[in-house]
Amino acid sequence: MPLTFPKSERISSPLEVALLAKTGKWEVASVLKACYKPVEEGKGRMAVAVPKKLFKRAVKRNLLKRRIREAYRHLKGENPSVDMLLIYTSNEIASYSVIFDNVETLIQKIGKR
């Protein structure tokens, strides 16, 4: 499986993100929270959110979003067919290895359900 993250695998519409957050199920890891909903056909998609309340500077929010997307890109082969919203919840900037472990944990939890 190629290690890419094309636009077809992203949730980009704010309405779709809001609907997913409203109707999806939640799982929690140490620095991430995931909302997910099974997809009937096709591959699952993913969106990332880092709240402005936690990090005022866009540079820090973008760094965390890049780390989360990179971890997901490496683990997406294990991902069940679900739409997923990953929300960063910690006040500190986590290293890539911590984020990778959290994304892996969430994917495994979601896969078991």
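In α3, the residues Ile99, Asn102, Val103, Leu106, Ile107 and Ile110 are buried, where buried means under 20% relative accessible area, exposed means over 50%, and partly exposed lies in between (1.4 Å probe, protein chains only). Seen down the axis of α3, these buried residues fall within an arc of 135°, so they line one face of the helix; the arc is that of the directions from the helix axis to the C-beta atoms. This is a predicted model, in which local features need pLDDT of at least 70 and side-chain atom pairs count only at pLDDT 80 or more, while totals for chains, interfaces and linings use all residues. Residues are numbered from 1 along each chain as its sequence is written, and side-chain values use heavy atoms, with hydrogens and water left out.

Helices (H or I, at least four residues) and strands (E, at least two) are DSSP runs, numbered from the N terminus. Helix α3 covers residues 96–112, which is 17 residues, and from its first C-alpha to its last it reaches 24 Å, close to the 24 Å expected at 1.5 Å a residue; the expected span is 1.5 Å times one less than the number of residues. The buried residues of α3 pack against β1 (25–28), β2 (32–38), α2 (58–75) and β4 (82–88).

Asn102, in helix α3, is buried with a relative accessible area of 5%. A polar atom of its side chain lies 2.7 Å from the backbone oxygen of Val98. Leaving aside neighbours within four places in sequence, Asn102 is in contact (heavy atoms within 4.5 Å) with Ala29, Ser30, Val31 and Leu32. Asp101, also in helix α3, counts as partly exposed at 42% relative accessibility. Although Asp101 and Ala71 are 30 residues apart in sequence, they are 8.5 Å apart in space, C-alpha to C-alpha.

How do the strands pair? Two strands pair if DSSP finds at least two bridges between them. β1 and β2 run antiparallel and are joined by four bridges, forming a hairpin with three residues between them, and in this pairing Lys25 stands opposite Tyr36 of β2. β2 also pairs with β4 in the antiparallel sense, over seven bridges, with Leu85 in β4 as the bridge partner of Cys35.

In soluble globular proteins, nonpolar side chains tend to be buried together. Here a nonpolar core is a set of buried Ala, Val, Leu, Ile, Met, Phe, Trp, Tyr and Cys residues joined through side-chain atoms within 4.5 Å. The largest such core has 24 residues, of which Leu32, Met84, Leu86, Tyr88, Ile99 and Val103 touch the most other members, and β2, α2, β4 and α3 each supply at least two residues of this core. A second, separate core of six residues includes Ile11, Cys35, Ala47 and Ile87. Leaving aside neighbours within four places in sequence, Val103 is in contact with Leu32, Ala71, Tyr72, Leu75 and Leu86.

The buried residues of α2 are Arg61, Leu64, Ile68, Ala71, Tyr72, Arg73 and Leu75, and they pack against β2, β3 (46–49), β4 and α3. In the loop between α2 and β4 is Lys76, which is buried with a relative accessible area of 7%.

How values were computed
A polar contact is a pair of N or O atoms within 3.5 Å; within protein, one must be able to donate a hydrogen and the other to accept it, and residues adjacent in sequence count only if both atoms are side-chain atoms.
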